Amino acid sequence: MTRGVRNLMLAAGGVALAMAALGAYALNRTPPGAPDVKIIAHGEKVDLERHAVPGKYTVFDFYAVWCPPCRVLGPALEKLASRNTAKLAIRKVDIVDWTMPVAEQYGVQELPYLVLFDASGRKVADGEKVYDSLNELFGQDALDVDRATEKPPTSAM
């Protein structure tokens, strides 16, 4: 192999390595303007504090794919996050079913169940109180979340 061919192969290898590193960076980064939403667990125990996003409020959404109210609330939370990308992150915890360790770990007895951490990583609300906190923090932007959690009126028989 001539010296020129060897140098060309080394240069091509270097370019390929640089492109692979750039691709890995792009895959792990949240695009600007995109909501900061990630699934962090599928039934296993999870440390919420470790997943709280520094500098942002973080809502932990405990859900299950078989839960109809969860399927309504999830998109509303994502919409709220897309309107507040600099201030809000959503971390989703799929409990899978009631027998999984994460449901017991956090005492989840009904779905959907939310936990809110502030920008410094401190838990500030859980359960129903999270909805009030989101209204206080995000005002009109949180209306879709309120609508998603409204219970239909019971009809008189």
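Author: A residue is called buried when its relative accessible area is under 20%, exposed when that value is over 50%, and partly exposed in between, with a 1.4 Å probe and protein chains only. The model here is predicted, so local features need pLDDT of at least 70 and side-chain atom pairs count only at pLDDT 80 or more, while totals for chains, interfaces and linings use all residues. Residues are numbered from 1 along each chain as its sequence is written, and side-chain values use heavy atoms, with hydrogens and water left out.

Reader: With those cut-offs, what share of the residues of the protein chain counts as buried?

Author: Of the 157 residues in the protein chain, 36% fall in the buried class.

Reader: How many helices and strands does the protein chain have, and what pattern do they follow along the sequence?

Author: Helices (H or I, at least four residues) and strands (E, at least two) are taken as DSSP runs and numbered from the N terminus. On that basis the protein chain has six helices and five strands, and their order along the sequence reads α-β-α-β-α-β-α-β-β-α-α.

Reader: Which cysteines form a disulfide, and how is the handedness of that bond read?

Author: A disulfide is assigned to a pair of cysteine sulfur atoms within 2.5 Å. The structure holds one, formed by Cys-67 and Cys-70, whose sulfur atoms are 2.4 Å apart. Because the torsion about the S-S bond of Cys-67 and Cys-70 is about 75°, the disulfide is right-handed. Cys-67 is buried at a relative accessible area of 4%, and Cys-70 counts as buried at 5%.

Reader: How many salt bridges does the structure hold, and what is the criterion for one?

Author: A salt bridge is counted when a side-chain nitrogen of Lys or Arg lies within 4 Å of a carboxyl oxygen of Asp or Glu, and the structure holds eight of them. In one of these, Lys-79 pairs with Asp-144, with 3.0 Å between the closest N and O atoms. Lys-79 belongs to helix H3 (residues 68–83) and Asp-144 to helix H6 (residues 143–149), so this pair ties together parts that are 65 residues apart in sequence. Lys-79 is partly exposed at 38% relative accessibility, whereas Asp-144, at 18%, counts as buried.

Reader: Is each partner in the salt bridge of Asp-118 with Arg-122 buried or exposed?

Author: The closest N and O atoms of Asp-118 and Arg-122 are 3.2 Å apart; Asp-118 is buried, with a relative accessible area of 11%, while Arg-122 is exposed, with 52%.

Reader: Which residues gather in a patch of negative charge on the surface?

Author: Patches are made of residues with over 30% relative accessible area and no salt bridge, like charges being joined within 9 Å and nonpolar side chains (Val, Leu, Ile, Met, Phe, Trp, Tyr) within 5 Å. The areas come from the Shrake-Rupley method with a 1.4 Å probe, and for residues only the protein chains shown count as cover. Lys and Arg count as positive, Asp and Glu as negative, with His and the chain ends not counted; a charge is placed at NZ of Lys, CZ of Arg, CG of Asp or CD of Glu. The negative patch here gathers Glu-110, Glu-128, Asp-132 and Glu-136. Glu-110 sits in the loop between helix H4 (101–105) and strand S4 (113–117), and at 53% relative accessibility it counts as exposed.

Reader: Which residues make the nonpolar surface patch?

Author: Met-1, Val-5 and Met-9 make a nonpolar patch of about 360 Å². Met-1, in the segment before helix H1 (3–27), is exposed at 76% relative accessibility.

Reader: Where is the peptide bond that is cis, and which residue has a positive phi although it is not a glycine?

Author: The bond from Leu-111 to Pro-112 is cis, with omega near -5°, and Pro-112 is found in the loop between H4 and S4. Val-96 has a positive phi of about 70° although it is not a glycine; Val-96 lies in the loop between strand S3 (88–94) and H4, and is partly exposed at 32% relative accessibility.
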